[in-house]
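Student: Please take me through this model step by step, with the cut-off for each term at the point where it is used.

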Amino acid sequence: MTQDARFDLADPAFHDDPHPFYARLREESPVHRVRLPAGNEAWLVTRYEDAKRALSDPRLSKQYPVVGIAAVSRHMLAADPPDHTRLRRLVSAAFTARRVEGLRPRIEEITAGLLDDMAGRDEVDLIDAFAFPLPIQVICELLGVPSADRDAFRAWTNVIVGGPRPGVDHGGAVGALVAYIQDLLMERRRDGGDDLLAALLEVRDAEDRLSEDELTSMVFLLLIAGHETTVNLIGNGAWLLLSRRERWERLRADPSLLPAAVEEMLRYEAPVETATFRIAATDLTIGDQHIAAGEQVVVGLLAANRDDRFADPDEMVLDRDNNPHLAFGHGIHYCLGAPLARLEGAVAFARLIERFPGLRLAPDVHPEWRPGLLLRGLQQLPVRLS
């Protein structure tokens with residue numbers, strides 16, 4: 001790299017509210033050298049058009065050298081074509097819009113059950129009681145994973161998505177989840193099934209199109225990505241609605257706004273702060289910045305979504321009708337689970353508002369954000385039900 005990192009993304013002030021920092025960086029230049037929370041350095045892309053181009057630029061490789069456990073690094077999000085094409089095709093049928101829409105009755109049923117469990121209580125943590133258990137139960141049922149293990153999942157994935165940092169056994173959490181997945185695969189080989197896990201095993205064992213590391217990595221990715229982002233969509237969205245009461249009341253009065261409102265939640269407080277890392281496969285220029293082969297590039301989704309590409313970017317406009325946000329990425333790595341996340345978000349907010357119209361933030365609530373640079377989500381969200 002040709003210049004010193006002037007910006008430290010481990011700064012607590014940045015973590016608490018990154019938007020003013022991103023605004024300054026966007027104004028100064030499209031690309032900045034930054035120090036990441038893990039201590040290494042990278043180029044950060046913050047403007048919308050540059051971010052969109054970077055997300056689909058084949059010169060930015062996702063297939064960087066594996067460090068650590070290969071069984072979590074051989075999935076489609078860490079691969080370039082043709083491996084990416086092959087891996088994505090294996091699971092894409094499970095996440096088509098039509099197939100996902102078929103899950104609506106079950107998602108409605110799970111949602112109703114969670115709201116029933118909340119009823120009768122004065123105060124709950126909406127993350128624990130609703131935002132977390134809804135998507136984890138859906139993805140566990142889709143894959144064929146016992147939902148009774150969801151608390152263990154939460155402990156592991158909280159550590160994993162927070163990234164390596166002092167005082168946290170990141171490697172231990174990764175190892176525990178990998179061991180759990182390998183046990184699940186062993187059981188499914190023995191007992192069979194008709195879920196996505198069994199389908200992936202059939203491809204691995206019958207057609208030999210998946211290596212063992214690819215199989216484990218794919219399940220690892222689907223388990224984490226299949227619920228963590230939706231937890232943040234629901235949690236962040238509820239915070240945005242309840243912290244400005246007029247937003248909640250407007251959706252309550254006009255539920256037809258919900259699809260546009262969910263898109264605006266995704267733009268305004270994106271559940272994924274940065275795309276996963278890319279490595280420059282050759283020298284290239286992004287914006288006005290030369291980037292040398294081998295250097296790391298991070299695309300700021302949260303930053304790009306507040307660019308002046310959007311009218312009034314720092315205002316949450318519930319009925320925004322031109323909203324090509326980058327919350328799900330762009331290009332060949334566009335989020336496979338986007339239809340499922342949208343459906344879960346729409347059902348969650350529709351039923352929450354319908355069941356608890358008087359829902360309010362508990363007194364003296366201040367947002368505390370989860371650690372790490374990858375995801376943008378709340379640790380807790382205490383609310384009162386009436």
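Student: Does Asp-364 count as buried or exposed?

Tutor: The model is predicted, so that local features need pLDDT of at least 70 and side-chain atom pairs count only at pLDDT 80 or more, while totals for chains, interfaces and linings use all residues. Residues are numbered from 1 along each chain as its sequence is written, and side-chain values use heavy atoms, with hydrogens and water left out. Buried means under 20% relative accessible area, exposed over 50%, and partly exposed in between, with a 1.4 Å probe and protein chains only. Because its relative accessibility is 70%, Asp-364 counts as exposed.

Student: Where is Asp-364 found, and what is its phi?

Tutor: Helices (H or I, at least four residues) and strands (E, at least two) are DSSP runs, numbered from the N terminus. Asp-364 is found in the loop between β10 (360-361) and β11 (382-384). Most residues other than glycine have a negative phi. In Asp-364, a residue other than glycine, phi is positive, near 60 degrees.

Student: Which relative accessible area does Asp-312 have?

Tutor: Asp-312 lies in the loop between α15 (301-304) and α16 (338-355), and its phi is positive, near 45 degrees, although the residue is not a glycine. Asp-312 is exposed, because its relative accessible area is 53%.

Student: What is the omega of the peptide bond from Pro-81 to Pro-82?

Tutor: Pro-82 has its place in the loop between β4 (60-61) and α4 (83-92). Most peptide bonds are trans. The bond from Pro-81 to Pro-82 is cis, with omega near 5 degrees.

Student: Which residue is the bridge partner of Phe-7 in β2?

Tutor: Two strands pair if DSSP finds at least two bridges between them. Strand β1 (residues 7-8) and β2 pair in the parallel sense over 2 bridges. Strand β2 covers residues 31-35, of which 4 of 5 are buried. Within β2, the partner of Phe-7 is Val-34.

Student: How much space lies in the largest cavity?

Tutor: On a 1 Å grid over the protein atoms alone, a cavity is a set of points where a 1.4 Å probe fits but cannot get out, and lining residues have an atom within 4 Å of a point. Grid points are joined across faces, edges and corners, and a volume is the space filled by probe spheres set on the points. The structure holds 1 cavity of 30 Å³ or more. The space in the largest cavity is about 70 Å³.

Student: Which element gives the largest share of the lining of the largest cavity?

Tutor: The lining includes Phe-132, Arg-154, His-227 and Gln-379. The elements that give two or more residues to this lining are α9 (150-162) and α12 (212-243). The largest share, 3 residues, comes from α12.

Student: How many disulfides does a search of the whole structure find?

Tutor: A disulfide is a pair of cysteine sulfur atoms within 2.5 Å. The sulfur of Cys-140 is 17 Å from the closest cysteine sulfur, in Cys-335, and therefore too far for a bond. Cys-140 is buried at 0% relative accessible area, whereas Cys-335 is partly exposed at 29%. The number of disulfides found in the whole structure is 0.

Definitions and conventions: On a 1 Å grid over the protein atoms alone, a cavity is a set of points where a 1.4 Å probe fits but cannot get out, and a pocket is an open set with protein on both sides within 12 Å along at least five of seven lines; lining residues have an atom within 4 Å of a point.
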